[in-house]
Amino acid sequence: MGSASISLIALPPDPTELTKIIAKFSKGGGIVTAFDDMRIALVRDLGYDDTQVELLPFGKVMGGSLNRVGIRTLDLPTQGQSRGAVQLACEGLGDESEFFPCKSFPGFHEVVVDCLKELRHWGISIEALDRAIQLAKPPFRARLQALLEVERVSSQTLETLGKVSSSRRAEAILDVEAIEEPNFDRLLVLSGTDFCPIELRCLQRLSELGMDITLVVEYSTSGFEGAKLTADFLGLEIKPIKGERWTDHLFKESVARTGPDAVIFSAADVLSECEWALRKCQKEYSNGSQEHRIVIWVSDPENYIPLLIASAKRFDIKLNAPIRVPLLSNGFASLILNVLELLAETDLRGLAKTVSSTYLWSDNDAKTRLLDQVSDWRSRGLEPWAMLEEYADENRSDLPWLWPVLAWRKRALSAQRTLTEWHGMLDDMLRLDLLERAAQDNKSGKREQDFRAQGGIMRAVVDYAPSYDSRQGRTLNLAEFVGLARSLWDREQIVLPSSRDGFRVISDATMIGEADVVVALGMLEGSLPKRRTEDPVLSDEHRAHLHELLPEYPALLDSFYHAREERDKLVRICIAAKKKLILGYPQTSEDRDNVPTSYLEEIKRVLPNVKEEDYPHRLFVPELDDCRLPADLYLREAFEDPIREPLTTTLATEEARELVRPELEEGLEIAEVVSAAKCPFQSVARYRLGLSARRFELGSRLRRLPVRANLLAQPSAIAARAAFQSEVDKLIADEFIHRESWELTLAEAGSQRLIQGWLEREFDARTRWDLGPVKTIVSLGEPELSAEFKLDGTTIRFSGRVDGVSDHPNGRVLHFVRPSAFPNDSDLESDWLELGLYFWSATRASLQFAGFDYSIPDARQFLYFDERPGHAPNNPALNVKVVPLSLDKRALGEVTKRVLRRVLADLQTGDMRPVPGDHCRSCDLGELCRVSSVYVDIDDYLAEAADGEHEPNP
């Protein structure tokens with residue numbers, strides 16, 4: 001048996017010093033391990049692999065040591081398995097547990113996992129926790145009892161699966177008896193500043209059994225309390241570190257005589273901060289620093305890394321920036337979930353969304369034919385799945401993916417299965433060549449992303465399945481499995497692949513590694529240092545009381561200790577920078593001004609050479625002489641150009657204008673003329689070039705229900721309601737394969753509310769306004785409405801239609817069902833054009849008076865001119881009212897002619913001149929015309945620029 005001694009080496013938190021220790025250790029052979037697996041990854045980043053030195057996680061080292069002495073141990077659980085066991089334990093808590101109100105929240109499961117892991121590191125066993133509960137004071141007892149229940153159930157679940165935590169392996173080593181001829185490998189343990197009592201006790205015991213152990217701690221006179229706790233626990237002394245480093249002066253009164261050059265810069269916002277940081281990195285690279293030795297540390301990876309990646313693409317700069325994203329943000333993962341949810345339905349709801357995926361490589365014609373067939377089956381009352389199987393069999397060449405998926409569904413519905421068995425079925429589905437399309441795209445990185453998503457899909461289920469099956473002991477049908485899978489995938493994340501070249505981007509200060517240049521971003525109060533927060537499960541009071549109950553264990557670290565650890569991050573960032581240290585922060589974030597961290601003042605106090613730079617919002621790019629990147633140079637040259645109006649899209653050649661000029665003798669749609677009155681570009685693009693995107697909005701179809709149900713011609717409210725319901729049923733049937741269940745439910749409920757209002761107002765208006773029988777859907781050119789109009793000697797033929805025409809004792813009434821009313825007090829002449837054209841069409845056809853019966857979802861209006869017809873009073877309760885027009889017939893006629901002359905001149909010019917205005921908000925062509933008011937306010941822009949109050953903006 002060997003002597004009980006551990007060699008303790010204290011190093012500054014400098015990766016260069018760590019490299020020297022590992023190089024020296026590797027000459028004698030042995031194992032390098034760490035309490036935190038991230039340090040194993042750091043060693044690999046420093047250039048060491050398994051051919052130079054054996055790198056193993058601490059749990060595997062403990063397992064190997066137990067095997068050396070003839071003790072078999074259980075396997076280690078994955079993180080997902082540990083989380084799944086805790087989740088199931090939490091969800092099984094009764095209402096008497098203090099954790100009951102939050103037992104189903106994934107975020108709560110995460111913090112409980114961390115808390116239990118900490119207790120295990122302290123060596124606080126289930127028995128010790130149970131003993132503490134018996135002595136605990138009432139305010140603390142319930143919390144400890146709930147924690148014990150979760151730990152007991154989750155540990156039992158893992159043991160049932162043959163799994164045991166790394167800390168439990170360490171406890172097993174404490175019970176190992178003396179060994180006559182020890183046969184252990186040499187061990188180098190990188191503990192950093194992690195204080196892990198049970199692991200340290202394990203090392204002590206292994207040392208007593210004859211293992212040669214070297215423990216490396218990171219230490220600095222500026223913080224790093226964990227190293228001191230470790231040394232005190234082992235009864236060892238930290239020897240003073242040789243040499244002086246400038247970081248030794250941080251958070252003291254002294255100053256450094258030497259140190260790296262430092263730059264502290266501020267930018268207008270986070271995006272600008274990222275761009276200026278990349279410019280500085282590129283400058284250092286141009287000055288001779290290697291790419292992999294330029295490191296960017298970010299305080300908030302979720303906000304910073306996507307912006308860094310976007311900025312790097314603009315600058316054509318490579319970044320080694322892994323980023324975590326939600327699993328279901330990946331298109332392939334979302335497709336798999338959509339397919340499963342579709343297959344779990346009793347009908348084909350959601351089919352349109354699924355077949356629209358580009359992964360399924362079906363052409364648009366095949367997709368359209370399929371959707372038309374499904375709508376037809378539903379309208380005929382046929383069984384959808386049986387018909388779909390028959391259709392898929394007949395069209396295997398057009399839809400090669402569909403038949404295998406339906407065959408999988410048939411197998412899935414044949415029996416209930418355990419979650420583990422469903423994992424096997426899921427694996428079968430992923431082998432149906434759904435990745436074939438992505439596999440063809442090797443350049444964009446999409447293929448690797450999809451395969452990572454596939455791994456995340458499988459991992460989330462396989463990690464949770466053993467715990468679920470052992471605790472629940474029941475089988476699931478397809479719908480139950482799909483619901484459970486969604487909950488698992490909702491919280492799963494994947495790491496997107498990144499370039500292995502380029503500047504390194506990290507968020508963990510311990511992973512900086514060797515670097516010449518370190519750029520730290522987000523140096524704000526609340527980010528570095530983070531504000532002190534107590535553990536949500538075990539507060540500082542709980543921790544102090546637990547130590548009183550179990551004094552034989554070291555006291556759990558409290559929030560004040562972790563707050564002091566924030567200083568360690570700054571030291572790691574600073575000491576890693578061999579040549580240059582660059583620290584940045586954004587001046588503003590969203591709607592608030594930021595406060596730079598006080599650590600910046602400490603840097604300025606300690607270092608002899610610190611340069612400060614501020615980049616205000618107006619300095620979006622460097623000045624012309626300082627532009628090093630082509631993207632910056634292009635933008636700066638654009639800024640330096642004289643201010644000019646943005647280019648507008650117009651037709652320049654006579655041949656092009658001739659193609660879009662309307663033929664007046666062939667006729668014009670009233671809608672086209674009205675559109676041209678507001679914007680010639682919009683009118684020509686929509687009605688001559690057909691560029692308008694077709695919007696598939698459920699709300700617009702609901703608003704047209706009165707027309708589809710022929711409400712104006714229905715003889716009674718009962719008949720009208722029946723017609724409405726028939727149209728609603730047709731609408732739901734048409735939308736069924738395109739919508740989620742909740743959308744259809746809302747549409748059904750919303751339609752009933754609208755129908756009730758329409759019926760009440762329609763039949764109330766009939767009793768008040770004395771209208772004759774209505775002829776519905778009347779087009780211009782029929783006897784009731786004239787289609788030809790002579791303006792300045794030219795005959796113009798119009799086309800259009802109204803929803804209904806009826807007679808009134810005083811004249812003809814036109815009925816409209818629209819989402820908004822005709823303006824009766826507008827200041828814009830173009831707003832009167834449509835009303836004027838329809839008024840002219842009705843009066844020229846026969847009588848001198850035309851009323852406008854106007855119905856919108858929440859109102860019923862009867863518009864009239866000076867000859868007010870006899871009518872019953874308004875009904876304010878139902879918003880049924882008679883409204884006088886602010887123009888008389890003569891004035892309306894003059895406005896109509898004047899606007900029509902201008903519109904016809906614009907259309908004959910044919911240059912498609914865009915005119916921005918309020919109509920831009922409902923126009924889908926704004927990006928084509930380039931002057932849409934949604935994107936830029938040209939008048940205000942030019943006015944501000946002329947006054948010198950606006951920076952040039954290309």
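These are my notes, starting with the ground rules.

**Ground rules.** The model is predicted, so I took local features only at pLDDT of at least 70 and side-chain atom pairs only at pLDDT 80 or more, while totals for chains, interfaces and linings use all residues. Residues are numbered from 1 along each chain as its sequence is written, and side-chain values use heavy atoms, with hydrogens and water left out.

**Helix α15.** I looked up α15 first. It spans residues 364-379, 16 residues in total. Helices (H or I, at least four residues) and strands (E, at least two) are DSSP runs, numbered from the N terminus. From first C-alpha to last, α15 reaches 23 Å, close to the 22 Å expected at 1.5 Å a residue. That expected span is 1.5 Å times one less than the number of residues.

Next I asked which residues of α15 are buried. They are Ala 366, Lys 367, Leu 370, Leu 371, Val 374 and Trp 377. They sit on the same side of α15 because they cover an arc of only 130° around the axis. The arc is that of the directions from the helix axis to the C-beta atoms. Buried means under 20% relative accessible area, exposed over 50%, and partly exposed in between (1.4 Å probe, protein chains only).

The buried residues pack against α14 (351-355), α16 (384-394) and α17 (402-412). Contact here means heavy atoms within 4.5 Å. On the face turned away from the buried side I found exposed Asn 364, Asp 365 and Ser 379. Just after α15, Gly 381 takes a positive phi of about 75°.

**Thr 193.** I located Thr 193 in the loop between β4 (187-192) and α9 (197-208). Thr 193 is buried, at 7% relative accessible area. Leaving aside neighbours within four places in sequence, its contacts are Arg 39, Glu 218, Phe 224, Gly 226, Ala 227, Tyr 561 and Arg 572.

**Pro 596.** Pro 596 lies in the loop between β15 (592-593) and α25 (599-606). It is partly exposed, at 34% relative accessibility. I checked its C-alpha against that of Met 523, 73 residues apart along the chain: the separation is 6.1 Å. Not counting residues up to four places away in sequence, Pro 596 touches Met 523, Leu 524, Glu 525 and Tyr 585.

**Ser 5.** Ser 5 lies in the segment before β1 (7-11). It counts as partly exposed, at 43% relative accessibility. Its C-alpha is separated by 46 Å from that of Leu 93, 88 residues apart along the chain.
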